[in-house]
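Subject: Structure for your review

Dear colleague,

Please find below the structure that I am handing over to you. My findings follow it, and I would be grateful if you read them with the structure open.

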Amino acid sequence: METLKTGIKWIDSVVPEGLPLKSTTIITGPGGSGKPLIGETFVAAWLKEGGNVVFMSLQYPSTEFISESIKNVTGLDLTDYNDRIIFLQLDTEINDLSEAGENILKANLVNPEIWDKAINLASSKLPDKGPGILIFGSALNLLLFSPTYGSQILEKIKNTILSNSTITYIFSVSTTVKAEEISQIENVADNVIISHSEKNPFRLFMKVLRMKNVSYNSTEVQVPISPETLMHIKKVADHSRTKVIPAISKI
């Protein structure tokens, strides 16, 4: 199986053969445990290897914050890769999807009928070169708060994972709420990584539970991100969630 080796010591220590391409990875753990930051390290390695990325970060307020977060965590400047990235933003105020800039799409991703359409359009705008296309979605659990579409979008996410054969997905999900639904997503994923954090000082840890057809080390490792960076990103994400959840809960 083809894989992506990150060249990052703490990741390579637990997945020495690399991340399997065209597989789906779920990064799971309590809210505020820094799950997206683990995904961002894979994103940086992906872009450096010539791949292309669709960002579907539901809890972040702007593309600028995503860029800031990745630069703080990995040192990567996303402006150097503008032609190889698409931002797919959640917009609960529209019924379909629309182009909002050269590499920005807005879509009502809560609606399962829009989910496939948005992913297909975003992917079609990127060349399938290097390791291919990576779709990085964070805080997918927020979609489950919709009283109308929650169960349907859960099935859509599961079907996306089960039917995938051409794209690499990395999704982060919180287990703080909707734990039963999140366990269903974990069960169908190819690869599962769990994270948790400790306070005083603020530290982030991760552990690989399974990987598809490659060897891995199940030893828990600390993710070398500073407490200041962890706290800043947590505050922004928490603030955004207080806006996103009420909006989704009305759909």
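A179 has a relative accessibility of 43%, and therefore counts as partly exposed, since that class lies between the cut-offs of 20% for buried and 50% for exposed. Please keep in mind that this is a predicted model. A179 belongs to helix α6.

Helix α5 (residues 150–163) packs with helix α6 (residues 179–188) at an angle of about 10°, and their axes are 9 Å apart. The two helices are therefore roughly parallel to each other. On the α5 side, the contact is formed by L154, E155, I157, K158, I161 and L162, which meet E181, Q184, I185 and V188 of α6. Sorted by class, the residues of this contact are six nonpolar, one polar and three charged.

Which strands pair with β9 in the parallel sense? One is strand β3 (residues 24–29), which pairs with β9 in the parallel sense over six bridges. In this pairing, G29 has S174 of β9 as its bridge partner. The other is strand β8 (residues 133–138), whose parallel pairing with β9 has four bridges; here L134 stands opposite T168. Together, β8, α5 and β9 make a right-handed β-α-β unit.

Is strand β9 buried or exposed? Seven of the seven residues of β9 (residues 168–174) are buried, so the strand is largely enclosed by the rest of the structure. T168, I170, S172 and S174 point one way from the strand, while Y169, F171 and V173 point the other way. Both sets are buried.

Strand β6 pairs with strand β7 (residues 104–107) in the antiparallel sense, over four bridges. In that pairing, S98 has K106 of β7 as its bridge partner.

Helix α2 (residues 35–48) packs with α3 at an angle of about 80°, with the axes 10 Å apart. That makes α2 roughly perpendicular to α3. L37, E40, T41, V43 and A44 of α2 make the contact with S69, I70, V73 and T74 of α3. By class, this contact has five nonpolar, three polar and one charged residues.

With kind regards

Terms used. Residues numbered from 1 in each chain as written. Predicted model: local features only at pLDDT ≥ 70, side-chain atom pairs only at ≥ 80, totals over all residues. Heavy atoms only, no water. Axes fitted to C-alpha atoms, helices over the stretch in contact; angles between N-to-C directions. Parallel < 35°, antiparallel > 145°, perpendicular 65-115°, else oblique. Contact = heavy atoms within 4.5 Å. Nonpolar A, V, L, I, M, F, W, Y, C, P; charged D, E, K, R; others polar. Buried < 20%, exposed > 50% of the residue type's maximum accessible area, 1.4 Å probe, protein only. Pairing = 2+ DSSP bridges. Right-handed = clockwise from strand over helix to strand, strands pointing away.
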